[in-house]
Amino acid sequence: MRSFTYASGADGVQVSVEPGSLAIGKPNLVSTTRFTALTWLPKSLFLQFHRVANIYFLFIAIIVCMPFSTKRWQSKVFPYILVLAWTALKDLYEDAQRRKDDRLENARTCRRFNMKLKTFEQIAWGLVKPGD
């Protein structure tokens, strides 16, 4: 296999590059998001019910809805639903921030060696593939 050596005049760095046979892989995209539009509410509720307090208040809300309860069910169920909805909206907001940060990270530029031109070229970080 042939290798190419590129010497940068400005910083004096020498780079030995072998042609990448792995350049057919997946792009180097960063994705730290948890949800999609379809999975946001189910996943958010699933994650919320991993907390013992939410399960406890669910049982309280169910018990209050029974006919033998002396409390009004609206006084327990509505605040509980509001807390779950607020947390789900907070999760959605945080995920949107992560998605924005991922886009910024994937759009950063880096230098990739072009084997045909034997020079480095600027490309988006998300477009780098194994072997580039």
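Visitor: What makes helix 2 and helix 3 count as being in contact, and which residues meet?

Guide: In this predicted model, N54, F57, L58, A61 and V64 of helix 2 meet K76, V77, Y80 and L84 of helix 3. Contact requires heavy atoms within 4.5 Å.

Visitor: How do the residues of the contact of helix 2 with helix 3 divide into nonpolar, polar and charged?

Guide: Seven are nonpolar, one is polar and one is charged. Lys counts as charged, and Phe, Leu, Ala, Val and Tyr count as nonpolar. K76 is among the residues that helix 3 brings to the contact, and N54 among those from helix 2.

Visitor: How do the axes of helix 2 and helix 3 lie?

Guide: The axes of helix 2, residues 52-64, and helix 3, residues 74-107, come within 9 Å and cross at roughly 150°.

Visitor: Why is helix 2 called roughly antiparallel to helix 3?

Guide: Angles over 145 degrees count as roughly antiparallel. The crossing angle is roughly 150°, and therefore helix 2 is roughly antiparallel to helix 3. As for handedness, helix 2 passes helix 3 in a left-handed crossing.

Visitor: Why is Q48 called buried?

Guide: Buried means under 20% relative accessible area. Q48 has a relative accessible area of 1%, so Q48 is buried. Q48 lies in helix 1, which spans residues 40-48.

Visitor: Which residues does Q48 touch, not counting residues up to four places away in sequence?

Guide: With that exclusion, Q48 touches N54, V83, L84, T87 and A88.

Visitor: What share of contacts in the protein chain with a separation of 6 or more comes from residues 24 or more positions apart?

Guide: Such residues account for 51% of those contacts.

Visitor: Which pattern does the protein chain follow along the sequence?

Guide: The pattern is β-β-α-α-α-β-β, with three helices and four strands in the chain.

Visitor: How many residues does the protein chain have, and what percentage count as buried?

Guide: The chain has 132 residues, and 19% of them count as buried. The accessible surface comes to about 10000 Å², with 65% belonging to carbon and sulfur atoms.

How values were computed. Residues are numbered from 1 along each chain as its sequence is written. This is a predicted model: local features need pLDDT of at least 70, side-chain atom pairs count only at pLDDT 80 or more; totals for chains, interfaces and linings use all residues. Side-chain values use heavy atoms; hydrogens and water are left out. Helices (H or I, at least four residues) and strands (E, at least two) are DSSP runs, numbered from the N terminus. Buried means under 20% relative accessible area, exposed over 50%, partly exposed in between (1.4 Å probe, protein chains only). Accessible areas come from the Shrake-Rupley method with a 1.4 Å probe; for residues, only the protein chains shown count as cover. Axes are lines fitted to C-alpha atoms, for helices over the stretch in contact, and angles run from 0 to 180 degrees between N-to-C directions. Angles under 35 degrees count as roughly parallel, over 145 as roughly antiparallel, 65 to 115 as roughly perpendicular and the rest as oblique. A crossing is left-handed if the near helix is turned anticlockwise from the far one by less than a right angle, and right-handed if clockwise.
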